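Colleague: I am new to this structure. Please show me how to read its features.

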Amino acid sequence: MQQLLYADEVRSMAELDIEHTTTSAAELKLALQLIEQISEDHYQPDLFEDEAKQRILAAIDAKIESREIVAVDHPRDRPAGR
(Lines give C-alpha, C1' and ligand atoms only; values in the text may rest on other atoms or scores of the structure.)
Protein backbone atom coordinates (compact mmCIF):
# COMPACT_ATOMS: atom_id res chain seq x y z
CA MET A 1 0.00 0.00 0.00
CA GLN A 2 1.42 3.37 -0.97
CA GLN A 3 0.50 6.34 1.17
CA LEU A 4 2.29 9.26 -0.46
CA LEU A 5 2.18 10.35 -4.08
CA TYR A 6 3.75 13.37 -5.70
CA ALA A 7 1.63 15.66 -7.88
CA ASP A 8 2.97 14.24 -11.16
CA GLU A 9 2.12 10.69 -10.00
CA VAL A 10 -1.56 11.31 -9.23
CA ARG A 11 -3.92 10.05 -11.96
CA SER A 12 -7.65 10.40 -12.33
CA MET A 13 -9.88 7.40 -11.64
CA ALA A 14 -11.01 7.50 -15.29
CA GLU A 15 -7.46 6.51 -16.38
CA LEU A 16 -7.46 3.35 -14.27
CA ASP A 17 -8.74 0.06 -15.60
CA ILE A 18 -10.27 -1.43 -12.44
CA GLU A 19 -12.53 -4.45 -12.76
CA HIS A 20 -15.59 -4.85 -10.52
CA THR A 21 -15.48 -7.62 -7.91
CA THR A 22 -17.68 -8.72 -5.06
CA THR A 23 -16.53 -8.34 -1.47
CA SER A 24 -17.85 -9.80 1.75
CA ALA A 25 -19.13 -7.63 4.59
CA ALA A 26 -16.08 -8.58 6.69
CA GLU A 27 -13.66 -7.54 3.91
CA LEU A 28 -15.45 -4.23 3.47
CA LYS A 29 -15.42 -3.56 7.22
CA LEU A 30 -11.69 -4.32 7.41
CA ALA A 31 -10.94 -2.13 4.38
CA LEU A 32 -12.88 0.80 5.83
CA GLN A 33 -11.10 0.36 9.17
CA LEU A 34 -7.68 0.41 7.48
CA ILE A 35 -8.58 3.47 5.42
CA GLU A 36 -9.82 5.29 8.52
CA GLN A 37 -6.58 4.54 10.38
CA ILE A 38 -4.31 6.06 7.71
CA SER A 39 -6.60 8.82 6.45
CA GLU A 40 -5.88 12.52 6.66
CA ASP A 41 -8.44 15.30 6.27
CA HIS A 42 -6.60 16.99 3.40
CA TYR A 43 -3.81 15.97 1.07
CA GLN A 44 -1.99 18.44 -1.14
CA PRO A 45 0.63 16.65 -3.23
CA ASP A 46 2.08 19.97 -4.39
CA LEU A 47 3.46 20.49 -0.87
CA PHE A 48 5.91 17.60 -1.33
CA GLU A 49 8.90 17.27 -3.63
CA ASP A 50 10.36 14.03 -4.93
CA GLU A 51 14.00 14.62 -3.99
CA ALA A 52 15.21 11.36 -5.52
CA LYS A 53 13.64 12.26 -8.86
CA GLN A 54 15.20 15.73 -8.71
CA ARG A 55 18.67 14.21 -8.10
CA ILE A 56 18.23 11.84 -11.03
CA LEU A 57 17.08 14.62 -13.36
CA ALA A 58 20.02 16.80 -12.25
CA ALA A 59 22.43 13.95 -13.03
CA ILE A 60 20.81 13.50 -16.45
CA ASP A 61 21.17 17.23 -17.16
CA ALA A 62 24.83 17.12 -16.07
CA LYS A 63 25.45 14.15 -18.35
CA ILE A 64 23.81 15.97 -21.27
CA GLU A 65 26.11 18.95 -20.62
CA SER A 66 29.10 16.54 -20.63
CA ARG A 67 29.94 17.32 -17.03
CA GLU A 68 31.54 14.66 -14.84
CA ILE A 69 29.12 12.81 -12.57
CA VAL A 70 30.52 11.81 -9.18
CA ALA A 71 28.89 9.01 -7.19
CA VAL A 72 28.10 9.80 -3.56
CA ASP A 73 29.55 7.53 -0.88
CA HIS A 74 26.71 5.51 0.69
CA PRO A 75 26.64 4.85 4.46
CA ARG A 76 26.39 1.08 3.86
CA ASP A 77 29.77 1.24 2.04
CA ARG A 78 31.51 2.71 5.08
CA PRO A 79 32.85 0.63 7.98
CA ALA A 80 30.30 0.10 10.74
CA GLY A 81 30.65 1.89 14.07
CA ARG A 82 30.71 0.27 17.47
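Modeller: We will go feature by feature, starting with the ground rules. This is a predicted model, where local features need pLDDT of at least 70, side-chain atom pairs count only at pLDDT 80 or more, and totals for chains, interfaces and linings use all residues. Residues are numbered from 1 along each chain as its sequence is written, and side-chain values use heavy atoms, with hydrogens and water left out.

Colleague: How many helices and strands does the protein chain have?

Modeller: Helices (H or I, at least four residues) and strands (E, at least two) are DSSP runs, numbered from the N terminus. Here the protein chain has two helices and zero strands. Helix α2 has 14 residues and reaches 20 Å from its first C-alpha to its last. That is close to the 20 Å expected at 1.5 Å a residue; the expected span is 1.5 Å times one less than the number of residues. After α2 comes Ser 66, with a positive phi near 60 degrees.

Colleague: What share of the residues is buried?

Modeller: Buried means under 20% relative accessible area, exposed over 50%, and partly exposed in between (1.4 Å probe, protein chains only). Of the 82 residues in the protein chain, 5% are buried.

Colleague: Which side chains meet in a salt bridge?

Modeller: Side chains of opposite charge can pair when their charged atoms come close. A salt bridge is a side-chain nitrogen of Lys or Arg within 4 Å of a carboxyl oxygen of Asp or Glu. The whole structure holds one. Asp 8 and Lys 53 form a salt bridge, at 2.1 Å from N to O. Asp 8 lies in the segment before α1 and Lys 53 in helix α2, so the pair ties together parts 45 residues apart in sequence. Lys 53 counts as partly exposed, at 36% relative accessibility.

Colleague: Where is Asp 50?

Modeller: Asp 50 sits in the loop between α1 (25-38) and α2 (51-64). Asp 50 is buried but has no salt bridge. Its nearest side chain of opposite charge (Lys and Arg count as positive, Asp and Glu as negative; His and the chain ends are not counted) is Lys 53, 5.7 Å away. Leaving aside neighbours within four places in sequence, Asp 50 is in contact (heavy atoms within 4.5 Å) with Tyr 6 and Glu 9.

Colleague: How far apart are Gln 44 and Tyr 6?

Modeller: In sequence, 38 residues; in space, 8.9 Å, C-alpha to C-alpha. Gln 44 is in the loop between α1 and α2.
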